[in-house]
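This report is meant for someone who is meeting this structure for the first time.

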Amino acid sequence: MKTAVIYWSGTGNTESMAKAVAEGAGAECFAVSEFSGNVEDYDAIALGCPAMGAEELEEGEFEPFFAELEGNLSGKNVALFGSYGWGDGEWMREWEKRVTDAGAKLANESVIAND
């Protein structure tokens with residue numbers, strides 16, 4: 001199974017999580033700014049992004065990337081992970097809904113780390 005781990009990290013926390021996920025899964029790991037591939041070439045995708053602002057995905061790079069990606073997620077196994085410093089994890093619940101609404105299957109329970 002060919003897997004890609006794609007992430008955005010502002011402080012390095014989500015990058016550390018991405019590298020651990022990639023190592024554990026035997027997957028290729030990319031910062032969102034480095035990913036030039038086609039998600040359709042992968043059987044599974046793990047996406048990582050911390051909560052920003054009022055519990056939302058990072059808006060400058062990751063949100064536009066994910067919005068474009070949503071249309072290609074149908075039938076894919078997707079895992080989500082990220083970190084946050086406030087709130088109750090609402091951003092992850094909303095992100096999970098977007099993924100499943102796009103027709104993807106959540107491969108596992110999403111991983112979120114507070115602080």
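With a relative accessible area of 44%, Ala-107 is partly exposed, and this residue belongs to the loop that runs between β5 (105-106) and β6 (111-114). The model is a predicted one, and the description that follows should be read with that in mind. Once neighbours within four places in sequence are set aside, Ala-107 is in contact with Asn-77 and Val-78. Asp-88 lies 19 residues from Ala-107 along the chain, and the C-alpha atoms of the two are separated by 22 Å.

Strand β1 is mostly covered, since 5 of its 5 residues are buried. In a regular strand the side chains alternate between the two faces of the sheet. In β1 both faces are covered: Thr-3, Val-5 and Tyr-7 on one side are buried, as are Ala-4 and Ile-6 on the other. Strand β3 is likewise described as mostly covered, with 5 of its 5 residues buried; Ala-44, Ala-46 and Gly-48 point one way from this strand, while Ile-45 and Leu-47 point the other way, and all are buried.

How are β1 and β3 joined, and in which sense do they run? The two strands run parallel and are joined by 5 bridges. Within this pairing, Thr-3 stands opposite Ala-44 in β3, and Val-5 stands opposite Ala-46 in β3. Strand β1 also pairs with β2 in the parallel sense, over 4 bridges, and here Tyr-7 stands opposite Ala-31 in β2. Strand β3, for its part, pairs in the parallel sense with strand β4 (residues 77-84) over 5 bridges, and the bridge partner of Ile-45 in β4 is Val-78.

The table gives the relative accessibility of each one.

| Residue | Relative accessibility |
|---|---|
| Thr-3 | 14%, buried |
| Phe-30 | 17%, buried |
| Ser-83 | 10%, buried |

Glu-40 is 10 residues from Phe-30 in sequence, and the distance between the two in space is 15 Å, taken from C-alpha to C-alpha.

**Helix α2 and its surroundings**

The buried residues of helix α2 (residues 62-69) are Phe-62, Phe-65, Phe-66 and Leu-69. Seen down the axis of α2, these buried residues fall within an arc of 95°, and therefore they line one face of the helix. What do the buried residues of α2 pack against? They pack against β1 (3-7) and β3 (44-48), and also against α3 (90-101).

The axes of α2 and α3 come within 11 Å and cross at roughly 25°, which means that α2 is roughly parallel to α3. Where the two helices meet, Phe-62, Glu-63, Phe-66 and Ala-67 in α2 come up against Trp-95, Arg-98 and Val-99 in α3. Sorted by class, this contact of α2 with α3 has 5 nonpolar, no polar and 2 charged residues. Phe-62 and Phe-66, which are among the residues meeting α3, are also listed among the buried residues of α2.

Methods. Residues numbered from 1 in each chain as written. Predicted model: local features only at pLDDT ≥ 70, side-chain atom pairs only at ≥ 80, totals over all residues. Heavy atoms only, no water. Buried < 20%, exposed > 50% of the residue type's maximum accessible area, 1.4 Å probe, protein only. Arc of directions from axis to C-beta. Contact = heavy atoms within 4.5 Å. Axes fitted to C-alpha atoms, helices over the stretch in contact; angles between N-to-C directions. Parallel < 35°, antiparallel > 145°, perpendicular 65-115°, else oblique. Nonpolar A, V, L, I, M, F, W, Y, C, P; charged D, E, K, R; others polar. Pairing = 2+ DSSP bridges.
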